[in-house]
Amino acid sequence: MKEIVSTTEKKFLNDVISNGKRLDGRATYDYRKIRITFGTERGCCQVQIGETRVLAQTLCEVIKPSESRPAEGVLQMNLELSPMASPAFEPGRMSIFAVELNRLLERSVRESKAVDTESLCIVVGEKAWQVRVDMHALNFDGNLLDCSSIAAIASLHHFRRPEVTVSGEEVTIHTMEDREPVPLSIHHMPICITFAFFQEGKYLLVDPSGQEETVMDGTMVVCMNIHKEICTIQMTGSMLLLKDQLQRCCQIAVVKVSEITDVINSALLNDTRARKEGKKFGFAESKVPTSITTSVLEETEVDMDEENEGAMQEIDNGSGDGHEQPEQEQMETEQSSAAKMESSGVGTIGEGLQNTWTIPSEDSGDEDQPEDVGALAADEKNRHQEPAAKNGAGEPEGRADRVHQLDESGSEEEETVVVKSDQLLQESVKPEQKLPHQESEGLDLTLALKSAPNAGAGKAKRKGGARKKHKGAPK
């Protein structure tokens with residue numbers, strides 16, 4: 001069967017083949033991946049070569065044998081092509097391509113005596129088994145004959161017919177439950193190998209795909225079994241082959257038949273083993289999942305004996321009288337529960353009272369904090385203890401008038417105000433107020449100011465009308 005292709009596509013395919021390459025990356029004599037699966041019923045088989053799929057089902061029934069061969073049963077082969085496999089197949093009628101395939105299958109399986117038809121006879125001239133292999137093409141992507149022959153022979157091997165007992169003229173056919181069904185008597189496995197020729201027989205390929213069949217000049221089919229016995233040979237197309245080419249194809253067919261036979265036997269063995277061991281079998285179980293269809297994981301047994309023993313041991317140790325916590329845990333507990341005494345009668349945990357950093361606190365609203373208040377208080381105390389020379393007005397020398405600077409926040413201008421010493425005393429801190437960091441340094445500046453009533457004036461920066469800090473050392 002050939003489809004209509006464009007001249008450009010045909011030229012491209014011929015150029016690829018002439019360079020010794022193939023579109024799917026295979027070598028010249030390589031087959032596509034062969035996959036054989038069996039259904040739950042006996043004789044149901046599906047074969048897939050690449051994207052070409054064929055489903056085969058073998059059935060049997062009791063009929064009256066023909067008068068020419070009264071001691072033999074009947075074996076029939078039938079392959080149906082529908083538009084489901086390819087749009088090129090017409091429904092309701094058998095095309096020339098379908099007739100050709102059916103004749104090749106009958107010649108390769110029935111006329112090669114692959115199945116012992118004499119074993120199908122029940123009563124000579126009266127009753128015999130008719131075995132029928134129905135094949136249906138599910139998808140077509142080239143080399144449909146090879147896929148159909150593999151499906152037919154695999155289905156015949158997988159099939160089991162009912163057991164029959166003959167007592168005089170009485171014939172009893174036992175059901176599957178009463179007696180074990182009997183397999184068919186098969187002598188050999190005939191396998192068809194298809195060779196495609198291109199450019200008047202100059203190039204050949206094994207297992208042509210659908211695109212390669214559209215540009216091929218002809219084919220040669222070699223049907224052979226594992227014993228190197230040729231069952232049938234057929235050539236189609238407008239080409240001439242030499243004797244050397246024919247021998248070369250037969251040598252390649254010997255290797256390919258051996259490989260395919262091993263695949264069929266392996267699939268039959270796996271299915272038989274699964275049925276005997278009670279495992280799941282069938283098309284649904286043999287399907288390889290290509291995507292995740294569930295998020296449920298299988299249950300896994302976990303041994304919890306060791307974990308339970310360890311947990312009980314820890315509980316017992318913790319409830320004992322002599323149980324002691326580790327040193328690290330005790331240190332963490334002490335550090336977390338320790339209360340810091342910021343002032344007498346007040347206990348705090350964490351943040352909240354005095355800012356111990358040199359950075360100004362946001363709560364106080366001060367931008368200019370004293371860099372070292374303790375040092376300033378110590379200087380005041382030392383000055384009070386040393387004898388100071390006083391002037392006639394009762395004030396220390398050089399401290400009659402001290403200039404205080406008032407700085408407004410956000411303003412670049414500064415204002416200078418002259419403050420007398422008596423005004424400085426009146427504006428001094430009340431006894432109830434305490435300067436920042438007063439407790440940490442251990443000095444009451446209010447008492448120091450009261451003890452020095454004649455202290456000189458100094459410079460101080462103010463913000464918003466409040467005195468901030470004293471600057472400058474005594475001269």
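The legends below describe close-up views of a predicted model. Local features need pLDDT of at least 70 and side-chain atom pairs count only at pLDDT 80 or more, while totals for chains, interfaces and linings use all residues. Residues are numbered from 1 along each chain as its sequence is written, and side-chain values use heavy atoms, with hydrogens and water left out.

**View 1. The whole chain.** The chain has 12 helices and 20 strands; helices (H or I, at least four residues) and strands (E, at least two) are DSSP runs numbered from the N terminus. Of the 475 residues, 34% are buried. Buried means under 20% relative accessible area, exposed over 50%, and partly exposed in between (1.4 Å probe, protein chains only). Among contacts (heavy atoms within 4.5 Å) with a separation of 6 or more, 68% are between residues 24 or more positions apart. The accessible surface comes to about 30200 Å², with 49% belonging to carbon and sulfur atoms; areas come from the Shrake-Rupley method with a 1.4 Å probe, and for residues only the protein chains shown count as cover.

**View 2. Helix 2 and its buried side.** Helix 2 (residues 96-110) has 15 residues and spans 21 Å from its first C-alpha to its last, close to the expected 21 Å, which is 1.5 Å times one less than the number of residues. Phe 97, Ala 98, Leu 101, Asn 102, Leu 104, Leu 105, Ser 108 and Val 109 are buried. They lie on the same side of helix 2 because they cover an arc of only 165° around the axis, taken from the directions from the helix axis to the C-beta atoms. Ile 96 and Arg 103, on the other side, are exposed. The cover over the buried residues includes strand 4 (74-80), strand 6 (127-139) and helix 3 (144-158).

View 3. Arg 22 pairs with Glu 212, the closest N and O atoms being 2.9 Å apart. Arg 22 lies in the loop between helix 1 (7-18) and strand 1 (34-38) and Glu 212 in helix 4 (residues 210-213), so the pair ties together parts 190 residues apart in sequence. Arg 22 is buried at 7% relative accessible area, and Glu 212 is buried at 3%. Asp 207 forms a salt bridge with Arg 26, with 3.1 Å between the closest N and O atoms. Asp 207 is buried at 0% relative accessibility and Arg 26 at 11%.

View 4. The side chains of Arg 110 and Glu 106 meet in a salt bridge (3.5 Å, N to O). Both residues lie in helix 2, 4 residues apart, about one turn of the helix. Arg 110 is partly exposed at 34% relative accessible area, and Glu 106 is partly exposed at 24%.

**View 5. His 187 and its contacts.** His 187 sits in the loop between strand 10 (182-183) and strand 11. The C-alpha atoms of His 187 and Ala 114, 73 residues apart along the chain, are separated by 5.2 Å. Not counting residues up to four places away in sequence, His 187 touches Lys 113, Ala 114, Val 115 and Asp 116.

Key: Salt bridge = Lys/Arg side-chain N within 4 Å of Asp/Glu carboxyl O.
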